Amino acid sequence: MKKTFLSFLLFFIFQNFSFAGNVAGGDLNIRCINGMSYEFNVTLWGENFLPTDTLQVFFGDNTWAKLSNQSASSIASLAPAYPDYSEINWLIPHTFPGPGTYTAYIIYTSRIVGIVNIPGSSNTIISLNATLIVDPNIGCNSSPVITNNNLIEQLDVSVANNYFNPGAVDPDGDSLSFSYSPCLDSSGIIAGYVYPHIIGGGTFNLNPVTGDYSWNPQTQGRYNIDCIIEQWKLFPNNQRHLVGTTMREIQFDVGTLSGIQDKSPASFSLFPNPVSAGENVAIDFEITGQYSIEVLSVEGKLIFAANDFFAAGQILQLPELSPGIYFVKIAGDGNEGFIKKLIVKNP
């Protein structure tokens with residue numbers, strides 16, 4: 001299905017649905033049953049799932065389905081750190097009309113609040129996709145399966161390198177390669193999305209052969225990214241060809257060994273926020289200390305930086321900013337750093 005048609009269809013259908021759940025992440029894979037018959041496996045995890053919520057599945061052949069929620073189940077691997085989180089899983093049968101390359105999409109609800117690198121995450125839906133070649137000449141072809149049940153990777157700012165791996169395997173024995181990409185909504189890449197390391201600091205690395213990811217974040221918070229797994233089949237001419245991909249949106253919850261999760265700093269305030277272009281923005285320091293301040297654009301460009309001693313009650317005026325979304329990073333007084341999003345509106 002052409003993406004332009006899909007975007008229109010998503011927009012049209014989305015207007016007729018209401019959602020309540022808040023998703024932290026999820027994945028999608030497609031399993032071959034026989035011939036043209038396949039089974040879609042969708043898993044989402046998050047909080048506040050309701051029976052009235054619906055999942056929209058677009059099969060890539062100009063057909064789609066609307067499905068009601070399954071019963072949400074608690075996730076033992078996430079307790080006790082995330083006692084309110086649960087998981088929903090759908091198994092959806094589908095028969096393709098014939099051989100071809102199909103890109104399937106799902107869309108569902110809004111994400112959880114406070115994802116640092118997704119502006120307005122609680123108002124941003126989640127979309128996942130998977131691509132598969134359906135062709136009897138290459139056999140019953142299934143997409144890769146992700147076996148790692150660590151749905152949320154808890155990373156520590158005190159560790160030099162945090163390693164993680166999606167644990168992907170291919171049921172057909174095809175070779176796999178790994179990459180990552182920005183998170184998606186129904187229109188494509190989310191407007192204002194920024195890779196975790198651009199805001200959270202540190203270096204983000206990936207071994208494309210083994211699927212080993214590593215990141216040494218410098219700033220606490222929740223960050224999301226899409227992990228992409230590609231499958232490569234060996235053909236009789238001894239050449240490998242791409243025959244499918246799958247995706248997992250994963251969340252990194254960056255804290256410390258003491259278990260700090262998604263907390264806002266008590267040592268400063270940013271006001272006004274949102275602000276109109278041309279108005280002054282100020283940082284009010286509530287605790288005396290040495291502070292490092294950075295203002296970054298959504299592209300990760302450094303707009304302003306300062307490192308100085310500030311007394312309690314002292315105010316720092318930021319330079320005038322153009323309309324857009326910015327991230328204000330402040331570290332000091334022994335903390336590992338905090339981020340506040342700053343929205344500059346058109347006057």
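**View 1. Pairing of β16 with β17 in the predicted model.** Strand β16 is joined to strand β17 (residues 213–215) by 3 bridges, and the two run antiparallel. L206 has Y213 of β17 as its bridge partner.

**View 2. The open sheet that contains β16 and β17.** Its 3 strands follow the order β11-β17-β16 and pair in antiparallel fashion. The edges are formed by β11 (162–164) and β16 (204–206), each of which pairs on one side only. From one strand to the next, the twist averages 15°. Strands of a sheet pair through backbone hydrogen bonds.

**View 3. The largest nonpolar core.** This core comprises 33 residues, and F204, W215, F252 and V254 have the most contacts inside it. At least two core residues come from each of β10 (152–156), β13, β17, β18 (221–234) and β19 (240–255). Strand β18 supplies the largest share, 4 residues. A second, separate core of 30 residues includes Y38, A65, Y108 and I126.

**View 4. Surroundings of F252.** Residues up to four places away in sequence being left aside, F252 touches E153, L155, F164, P196, F204, W215, G221, R222, Y223 and I225.

**View 5. Confidence along the predicted chain.** The mean pLDDT is 81, with 83% of residues at 70 or more. Confidence is highest in strand β13 (residues 175–181), at a mean of 95, and lowest in helix α1 (residues 3–14), at 40. Over residues 1–19 pLDDT stays under 50, and the model has 31 contacts beyond four places in sequence for this stretch. Residues 257–266 also stay under 50, with 17 such contacts beyond four places in sequence.

Definitions and conventions: Residues are numbered from 1 along each chain as its sequence is written. This is a predicted model: local features need pLDDT of at least 70, side-chain atom pairs count only at pLDDT 80 or more; totals for chains, interfaces and linings use all residues. Side-chain values use heavy atoms; hydrogens and water are left out. pLDDT is the predictor's confidence in each residue, from 0 to 100. Contact means heavy atoms within 4.5 Å. Two strands pair if DSSP finds at least two bridges between them. Axes are lines fitted to C-alpha atoms, for helices over the stretch in contact, and angles run from 0 to 180 degrees between N-to-C directions. A nonpolar core is a set of buried Ala, Val, Leu, Ile, Met, Phe, Trp, Tyr and Cys residues joined through side-chain atoms within 4.5 Å. Buried means under 20% relative accessible area, exposed over 50%, partly exposed in between (1.4 Å probe, protein chains only).
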